[in-house]
Amino acid sequence: MKKHIIVIAGDGIGQEVTAVGKQVLELIADKYNHEFTFDTALIGHAAIEATGNPLPDETVTKSKASDAILFGAVGHPKYDNDPSAKVRPEQGLLGIRKALGLYANLRPIKLFDELLSASSIKAEILQGADILFFRELTGDVYFGEKGRSDDRNTAYDTMIYSRYEIERIAVKAFDAAMTRRKKLCSVDKANVLESSRLWREVVQEIAPRYPEVEVEHQFIDAAAMLLIKDPKRFDVVLTGNLFGDILTDEASQIAGSMGMLASASVGDTTGLYEPIHGSAHDITGKGIANPLASVLSVALMLDISFGLKTEAEEVVSAVDAVLKAGFRTRDIADKSTPSENVLGTQQMGDEILRQLKG
Ligand code: GGG
């Protein structure tokens, strides 16, 4: 199979973890006789530095012409305490999602058994948890009108959703529920927000098309609590952009670390695959970032964009085997991990490659 992949590593540890993801793709191509070609493109702070623009036109053009995007992260601390900055790295990520029509962000919360002890949540609560989040990606307060009053003392962001936007992601989530445990939880704040009332209305309208799927609606505050109290009650979770952003970071604690969570952003065109974590400048350049979310993002790419199920399963199995062998990066190590088993980014990548080579 011939595929062309754009690597957009972005900022901070995005560069480090994406390098490992690319090595996994190269090895899979070699092992299974696929021809994967690669190109790179700029985004985020790196793109601002080089071109003044967090999302250069060339990045969009190259992405549209590719079969899949391997993405790292965007962000830089210099913008965090500068509310007046007009140009920000995050605009690159939001912009590419919009430009490519990537409206559905799939975030599987998979707990590898070996990491049960890495979580701060009790093992009996966690064991067996397996959740697939559908986070809407191109609407909500992220894209609604925003601004300041003339005296700049009042600010607003508009939470906005259209029927069409809710319907297309809801259909994807219901379709996924049909292939899983046939349970779907839609998360909103319909007791307060009008956009959430429309969200709930549309999900209720679609539900009868899927009579086998058991549907429940939860308010975001209750969902946040239940996720920690009883994660096993969830199968597919469908929610908007802001609630999904927050809930999936919370859910990363079920998987042991943000460094374990992969995601796929899909829509009408090229899929984009990225760890859910950001650029993590506090650990950038130290070689200690966990590359497994990038490796697991590669597995999602092989499965969803290329239909290579065997290859995807092999990548997930390699992660499982490396964890079973006792290797950890710092974020998933605990007191019982021998210091020689605590690996850096590339060392962890090397263990994955060793497993894949067989
Ligand atoms: N790899 C994810 C990433 O870089 N996140 C940083 C960020 O800007 N996130 C905003 C969002 O995901 O909406």
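Which residues of helix 2 (residues 44–51) are buried? In this predicted model, the buried residues of that helix are G44, H45, A46, A47 and I48, and they pack against strand 1 (2–10), helix 3 (57–64) and helix 5. Just after helix 2, the residue G52 takes a positive phi of about 85°.

The domain assignment of the protein gives domain 1, made of 1–105 and 268–358, and domain 2, which covers 120–254. The centres of domain 1 and domain 2, taken over C-alpha atoms, are separated by 24 Å. Contact between the two involves 8 residues of domain 1 and 13 residues of domain 2. On the side of domain 1 that touches domain 2, helix 5 and strand 4 (104–110) each supply at least two residues, and helix 5 gives the most, with 3 residues. By residue class, this side of domain 1 divides into 5 nonpolar, 1 polar and 2 charged residues.

The largest nonpolar core holds 101 residues, of which I43, Y273, V298 and V315 touch the most other members. Helix 11 (residues 292–305) gives the most to this core, with 9 residues. Because domain 1 and domain 2 both give residues to this core, it lies between them. In general, nonpolar side chains of soluble globular proteins tend to be buried together. When residues up to four places away in sequence are not counted, V315 touches V24, I28, V295, V298, A299 and L302. Under that condition on sequence neighbours, L25 touches I5, F36 and V298. The residue L25 lies in helix 1 (residues 13–32), and it counts as buried because 23 C-beta neighbours fall inside 10 Å. Between L25 and I228 there are 203 residues of sequence separation, and the two C-alpha atoms are 34 Å apart in space.

Two sets of positions carry the feature "binding site" in the UniProt record, in an unreviewed entry. One set in that UniProt entry consists of R97, R107, R135 and D221. These positions span 125 residues in sequence and their farthest two C-alpha atoms are 26.8 Å apart, so they do not all gather at one spot. Within this set, R97 has its place in helix 5 (residues 90–99), and it is buried because 20 other C-beta atoms lie within 10 Å. With neighbours within four places in sequence left aside, R97 is in contact with L102, L137, T138 and S265. The residue R135, in turn, lies in strand 5 (residues 130–136) and is buried, with 28 other C-beta atoms within 10 Å. Leaving aside its neighbours within four places in sequence, R135 is in contact with N105, R107, T239, N241, G244, D245 and T248; one of these contacts, R107, is itself listed by UniProt in the set that includes R135.

The other set given by the UniProt entry consists of D221, D245 and D249. Although these positions are spread over 29 residues of sequence, they cluster in space, with a largest C-alpha distance of 14.4 Å. The residue D245 lies in helix 10 (residues 241–251), and D249 also lies in helix 10. With 17 C-beta neighbours inside 10 Å, D245 counts as partly exposed, and D249, with 15 C-beta neighbours inside 10 Å, likewise counts as partly exposed.

Attention may then be turned to the ligand. The residues around the ligand are A73, V74, G75, E90, L93, D245, E274, P275, I276, H277 and G278. At least two residues of this shell are supplied by helix 5, and at least two by strand 12 (271–275). The residues of the shell divide into 5 nonpolar, 3 polar and 3 charged.

With 13 other C-beta atoms within 10 Å, P77 is partly exposed. The residues P77 and S336 are 259 residues apart along the chain, and their C-alpha atoms are separated by 33 Å.

Terms used:
Residues are numbered from 1 along each chain as its sequence is written. This is a predicted model: local features need pLDDT of at least 70, side-chain atom pairs count only at pLDDT 80 or more; totals for chains, interfaces and linings use all residues. A nonpolar core is a set of buried Ala, Val, Leu, Ile, Met, Phe, Trp, Tyr and Cys residues joined through C-beta atoms within 7 Å. A residue is buried if 20 or more other C-beta atoms lie within 10 Å of its own, exposed if 12 or fewer, and partly exposed in between; C-beta atoms are placed from the backbone. Helices (H or I, at least four residues) and strands (E, at least two) are DSSP runs, numbered from the N terminus. Domain bounds come from an automatic or database domain assignment. Two residues are in contact if their C-beta atoms, placed from the backbone, lie within 7 Å. UniProt positions are given in the numbering used here, feature names are shortened, and annotations may be inferred rather than shown by experiment. A residue is near a molecule or strand if its C-beta atom, placed from the backbone, lies within 6 Å of it. Ala, Val, Leu, Ile, Met, Phe, Trp, Tyr, Cys and Pro count as nonpolar, Asp, Glu, Lys and Arg as charged, and the others, Gly among them, as polar.
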